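Open the model in a viewer and keep the selection tool at hand. The stops below are meant to be taken in order.

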Amino acid sequence: MLLVRQTRGDLASTRCRAWQLLLALIVVALAVCTAAFVGPADLPFRGVLTTLLSKVPLLGVHSTLPSNDASIVWQIRMPRIVLGGLVGAMLAVAGATYQGVFQNPLADPYLLGVAAGAGLGATLAVELVKSFANWPVSPVPLAAFCGGVLAAGFTFVLGRSGGRYRAGATLVLAGVAVAAFFTAIQTYAQQRQTQTLQQTYAWILGGLSTASWQQVQIVVPYIALSCIVLVMYRRILDVMSVGDEEADSLGIRAHRVRAVTVLFATLGTAAAVSMSGLIGFVGIIVPHTLRLIAGSSYRRILPLSLLYGAAFLVHADLLARTIASPAEIPLGVITAFFGAPFFLIVLRQSQRSP
Amino acid sequence: MSVVIRGLSVTLGDAEVVSGLDTDIGGGGWLGLIGPNGAGKSTVLRAIVGIVDYLGTIEIAGRASGPIDRKERARMVAYVPQRPQLPLLMNVRDYVMLGRTPHLSLFASETRHDLKIVDEVLERLELSRLARRELGEISGGEAQRAVLGRALVQQAPILIMDEPTTGLDLGHQEQVLELTDELRHERNLTVVCAMHDLTVAAQFCDKLTLIDHGRVVTSGPAREVLSLERIAKHFGASVTIIDNPDVGFIVAPQRRGR
């Protein structure tokens, strides 16, 4: 008689488990504490921790630091950490989403030209609308979004003409061309203002050194909205892995899912990049590392990318501002340093598998 | 649920691959589409599934299928493609679970009820043992069964299969077809299936429709449709037909001039 091992009638094996989320949250919390503790001003760890906890409502903890030191933690270090976390979370989630809907392991907001397009949009908005103090909302993220969508559109049209989305390298090559083109225009636009030349280069290389709570406030709605929507689509991204036709036969409108998710991923990326500059490879490094550990299902990859993306960029920024202290290394340089070799590994793997 | 196709035409690019095709099958019946490569069998199936644009009418249980919402149609019609795109890193159970998609709202997760259905189908297809294995790690025949499993958990009354036995060894061919037939009787499934093997088609199908160049040559029971002349004309094959009560109806290839 054939003995059939009964599979447990438990939850779907791909669901994100509570302990996995908890672990990721702990990693994020540790990253935040470490980054808040390390810096040129030598502050006691206990003081830093109480300063952070004093901001959490209902805990009733009071900062043990003098107010000068407390504002170093809260006004200088924390905005940078929070912005870094938001940008990292967004880039990782957007990267995973692009990989899912284009079924292309090399898709990433930076490599697809979305980041460069968003940068051009942001630059033009700053240039053309000198003072937008009277605007109810800053036009910068909106312009960045338009630039990002435009660049993404170009990349997909160009990449498609060379084959299907799945023809991995074609899409990325198109993205690199589009990114170079948009960065060129962006550099030109900013070069004309010689006094902002240094800013231009700082932006292209990516960094969080000018982070403020105000910047955080501007990007939070966009990033929160797009991350929430994309994480909600996690199960549908798994369905998309059987291809458009079969997904359609399962009752999903594959084209619509792709349009909606790319739109939100681009919106969030554009908002993030308009503040942080060009930071590459986060969308490759984080989701692919998670695939090795937690499997290929987007039901895990998306929520975990959100958290580990945040932790990753907070750590990368910590490196950026400490290893050559008091000078700063551009954050984009750090992520590229880790990301480029990683990219090559993923490229090799994707060429090998059918 | 019955499937009635009237005046079906499909144009892909510049080529009209199906022109004015009529056929039908009653609820609980098994319709086999036969014909040479490129005859348009797969396109007819894809039109029934609703993943290719067409002219003419396809009625599912008496309702025109065109206006039926995509999700509702996925609850009525399940599809086993000829060359499924397999996510090689996904495990068998999760892959089969994708078949529950039409029963879930967009952002919902599967319930225990869905999981129970999946586990029952896995057991039925003898895939329980492979439930946690990735699709890239199992054999072609096992993957083919997983695809069938995905279609079965859709619990649709109509099952569309495009060459479901391609790449299966004799034993697994038989297993897949016998199982389909059992389910057909249990659940009154209607099966529409493109088939290459004429003997198998004759054994399992209630009705065959012979298609060539996108048009129906003839429809009816196997013994009427499969004649030496038609097989020679439309398949360009010379065969011997053995039809006796002991061995059933067999279409055997024959080498020319022997």
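**Before selecting anything**

This is a predicted model, in which local features need pLDDT of at least 70 and side-chain atom pairs count only at pLDDT 80 or more, while totals for chains, interfaces and linings use all residues. Residues are numbered from 1 along each chain as its sequence is written, and chains are lettered from A and ligands numbered from 1 in the order in which they are written.

**Stop 1: chain A**

Select chain A and colour by secondary structure. Chain A has 14 helices and 0 strands; helices (H or I, at least four residues) and strands (E, at least two) are DSSP runs, numbered from the N terminus. Of its 354 residues, 52% count as buried. A residue is buried with 20 or more other C-beta atoms within 10 Å of its own, exposed with 12 or fewer, and partly exposed in between, the C-beta atoms being placed from the backbone. Among contacts in chain A between residues at least 6 apart in sequence, 76% join residues at least 24 apart; a contact requires C-beta atoms, placed from the backbone, within 7 Å.

**Stop 2: where the chains meet**

Show both chains and select the residues at their interface. Here 35 residues of chain B are in contact with 27 residues of chain A. On the chain B side, α2 (70-76), α3 (92-97) and α4 (112-124) each supply at least two residues, and α4(B) gives the largest share, 6 residues. By class, this side of chain B has 18 nonpolar, 6 polar and 11 charged residues. In that count Ala, Val, Leu, Ile, Met, Phe, Trp, Tyr, Cys and Pro are nonpolar, Asp, Glu, Lys and Arg are charged, and the others, Gly among them, are polar.

**Stop 3: the largest nonpolar core**

Next select A:M90, A:V93, A:A272, B:I48, B:V77 and B:I160, the residues with the most contacts inside the largest nonpolar core, which has 190 residues. Such a core is a set of buried Ala, Val, Leu, Ile, Met, Phe, Trp, Tyr and Cys residues joined through C-beta atoms within 7 Å. Helix α3 (residues 67-102) of chain A gives the most to this core, with 20 residues. Centre on B:I48: not counting residues up to four places away in sequence, B:I48 touches B:V3, B:I58, B:V77, B:I160 and B:V192.

**Stop 4: the six-stranded sheet of chain B**

An open sheet of 6 strands with mixed pairing has the order β6-β7-β8-β3-β9-β10 (chain B); two strands pair if DSSP finds at least two bridges between them. The edge strands are β6 (77-80) and β10 (215-220) of chain B. Direction ignored, neighbouring strands are turned by 15 degrees against each other on average. Helix α5 (residues 140-153) of chain B packs on the sheet, touching β6 and β7, and makes about 175 degrees with the direction of β6(B). Axes are lines fitted to C-alpha atoms, for helices over the stretch in contact, and angles run from 0 to 180 degrees between N-to-C directions.

Now zoom in on β8(B). How many residues of β8(B) are buried? The count is 5 of the 5, so the strand is largely enclosed by the rest of the structure. B:T190, B:V192 and B:A194 point one way, and B:V191 and B:C193 the other.

- β7 (residues 158-162) of chain B pairs with β8 (residues 190-194) of chain B in the parallel sense over 5 bridges.
- B:I158 has B:T190 as its bridge partner, and B:M161 stands opposite B:C193.
- β3 (residues 30-34) of chain B is parallel to β8(B), joined by 4 bridges, with B:W30 opposite B:V191.

**Stop 5: the four-stranded sheet of chain B**

A second open sheet, of 4 strands with antiparallel pairing, has the order β2-β1-β4-β5 (chain B). Select β1 (residues 3-12) of chain B, which 7 bridges join to β2(B); in that pair, B:I5 has B:T23 as its bridge partner. Helix α1 (residues 41-49) of chain B lies across β1, β2 and β4 (55-60), running at about 115 degrees to β1(B).

**Stop 6: two loop residues**

Most residues other than glycine have a negative phi. B:E163, in the loop between β7 and α6 of chain B, has a positive phi near 50 degrees and counts as partly exposed, with 19 C-beta neighbours inside 10 Å. B:N188, in the loop between α6 and β8 of chain B, has a positive phi of about 55 degrees and is exposed, with 12 other C-beta atoms within 10 Å.

Definitions and conventions
Two residues are in contact if their C-beta atoms, placed from the backbone, lie within 7 Å.
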